[in-house]
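Please open the structure in the viewer and keep the selection tool at hand.

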Amino acid sequence: MLRALVEVSADGLALVDDDGRVLGLNAAAAQILGSPAADLLGARLPVDPAGHDPDGADLRRTGWSTPGGGRRDLEYRLLPVAPGRWAVWFSDVTDTVRQQQRLTAITRAAASVADAWSLRATLDAVAREIAMTAGIAAVQILALEDPREDLRLLGMAGFGDAVDFPEKLALCRQLGAQVLFMEALDRREPIVSLHRKPVIMSDPRWAPLHEVMDVPDWDSFVSMPLVVRGRGLGVINAYYLPGEDPGPGSLAFLEAMADSAAVAIETAALLASTRSRAQSDERRRLARDLHDSVVQQVFSMRMQAEALRAHLGGAGADPEAVRSGAEELAQLSASALADLRGLVFELRPLDLAENGLVEAVRSHAASVEARTGLLVEVHAPDGLELDADVDVQEDLYRIVQEALHNVVKHANATRADILIGRSAGGGLCVEVTDDGSGAAPDAAADEPEAGDGVPRASLGLVSMRERSERWGGRLAAGARPEGGWRVAVTLPAPGGEATREADR
């Protein structure tokens with residue numbers, strides 16, 4: 001009777017020795033382990049008789065690799081039945097474990113969407129969460145709203161250093177390679193391709209990406225579209241380990257992660273759009289203020305100057321009338337100057353006026369990331385206090401702004417780093433580096449001229465140098481030995497040799 005109950009039990013039951021080697025097992029155990037019972041006799045189960053609980057109450061988990069290359073999570077309990085003999089009860093909890101991992105990944109991804117500063121950092125975190133779940137070897141998150149546009153790589157995990165993936169993929173598309181994720185984006189539904197890797201690795205049209213695609217150990221492929229209100233924003237490409245089946249549970253998990261990624265992309269776009277509209281509204285308001293105050297005052301100054309000239313040009317000019325007119329002209333000019341200074345202050349970035357240089361640069365970096373997909377990291381020591389006045393900080397901010405503009409336009413880079421800190425002499429030091437081509441910005445043939453035959457990029461370097469020299473600082477710009485471009489400005493410590501150009 002006991003033997004019959006063991007045989008029909010849904011749980012696996014095996015008899016093992018002190019080393020965990022199988023001496024006997026029931027049909028359920030063979031089915032769970034994925035091999036015929038005869039093949040499992042003598043095989044070692046990943047259990048630990050030496051560390052068992054004497055009362056048999058401890059429930060443990062272990063992993064088992066099936067002959068097909070798949071992995072199963074087992075929950076087991078050990079009981080001694082004779083000297084050197086152990087009974088092992090175990091069950092397959094793979095689906096439960098993976099569901100827990102997926103729920104944890106979804107929760108973490110949602111938190112990263114809410115808290116992360118940059119879009120690239122957020123989607124890299126989402127990609128890592130997906131890749132850390134069982135069964136998935138590598139992940140890419142790509143943005144592509146129009147097949148004619150350049151593809152943007154917004155998040156990646158499991159591929160190592162493959163920042164040039166978009167360029168190599170473009171070459172594959174030119175060679176006529178079948179790109180399945182374009183179908184997923186076009187149809188707004190997931191594409192599942194079993195045993196996709198052998199197809200890609202044997203197709204010469206995929207040759208530019210063979211080295212990259214061979215790095216992860218994968219076999220099957222799923223492309224899950226990122227959709228917001230019926231609009232496709234991009235895709236999540238998931239590359240599955242050999243022997244892993246992208247079943248319904250896994251597809252539901254990818255769909256949830258795609259929702260998080262889509263929210264992050266749309267939120268970044270909305271923030272960039274809101275910032276742009278706010279800047280446009282602010283320009284219009286400043287234009288009105290200029291017209292209503294400064295322009296009117298300058299017009300009055302002109303009329304007063306004309307009146308003074310008439311007084312001085314006539315016979316018997318009245319000194320009192322001239323003095324009165326001159327005083328009125330001086331008052332008008334003082335008022336116009338005050339209004340202009342107020343407007344110039346308002347033209348400063350809001351983040352700079354409220355929070356200082358570091359936060360203003362962080363805000364601008366986030367805007368550049370959202371607009372271009374370039375990863376921009378800002379590095380500053382915790383508790384860094386900038387004792388420079390707001391005019392100095394504004395010039396440093398404009399230097400960073402111009403340097404990032406050149407990176408986006410000319411460097412063909414995927415990443416830029418901004419360092420703000422103290423120099424060895426106690427002054428301020430700001431450095432912008434990138435991982436691009438290292439070509440000088442003024443070498444760009446397609447950059448429009450500024451109107452006097454000088455490329456705009458050259459004027460940008462001149463402007464940066466002038467801003468640094470205004471405070472007695474120095475600017476260095478050039479290619480880095482390790483690749484990419486570097487712009488660095490160093491200002492002397494307050495009270496040093498720096499003298500404001502306007503005060504000389």
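Begin by selecting the open sheet of five strands, whose order is E11-E12-E13-E15-E14 with mixed pairing; two strands pair if DSSP finds at least two bridges between them. Strands (E, at least two residues) and helices (H or I, at least four) are DSSP runs numbered from the N terminus. The model is a predicted one, in which local features need pLDDT of at least 70 and side-chain atom pairs count only at pLDDT 80 or more, while totals for chains, interfaces and linings use all residues. Residues are numbered from 1 along each chain as its sequence is written, and side-chain values use heavy atoms, with hydrogens and water left out.

At the edges of the sheet stand strand E11 (375-379) and strand E14 (474-479); each has a single partner strand, so one side of each is left without a neighbour in the sheet. On average, neighbouring strands here are turned by 10° against each other, direction ignored.

Next, select strand E12 (residues 415-422) together with E13, which pair in the antiparallel sense over seven bridges. Ile 418 stands opposite Val 432 in E13.

Now display Glu 431 and Arg 486, which form a salt bridge with the closest N and O atoms 2.6 Å apart. This pair links distant parts of the chain, with Glu 431 in strand E13 (residues 428-434) and Arg 486 in strand E15 (residues 485-491), 55 residues apart. A salt bridge is a side-chain nitrogen of Lys or Arg within 4 Å of a carboxyl oxygen of Asp or Glu, and by this rule the count comes to 14 salt bridges.

Move to Lys 197 and Asp 214, whose salt bridge has its closest N and O atoms 3.3 Å apart. Is Lys 197 buried or exposed? Lys 197 counts as buried at 12% relative accessibility, whereas Asp 214, at 43%, counts as partly exposed. Buried means under 20% relative accessible area, exposed over 50%, and partly exposed in between (1.4 Å probe, protein chains only).

Finally, select helix H7 (residues 180-187), whose buried residues are Leu 180, Phe 181, Met 182, Ala 184 and Leu 185. Their packing partners include helix H6 (165-174) and strand E9 (221-228). Just after H7, Arg 188 takes a positive phi of about 60°.

Methods. Contact means heavy atoms within 4.5 Å. Axes are lines fitted to C-alpha atoms, for helices over the stretch in contact, and angles run from 0 to 180 degrees between N-to-C directions.
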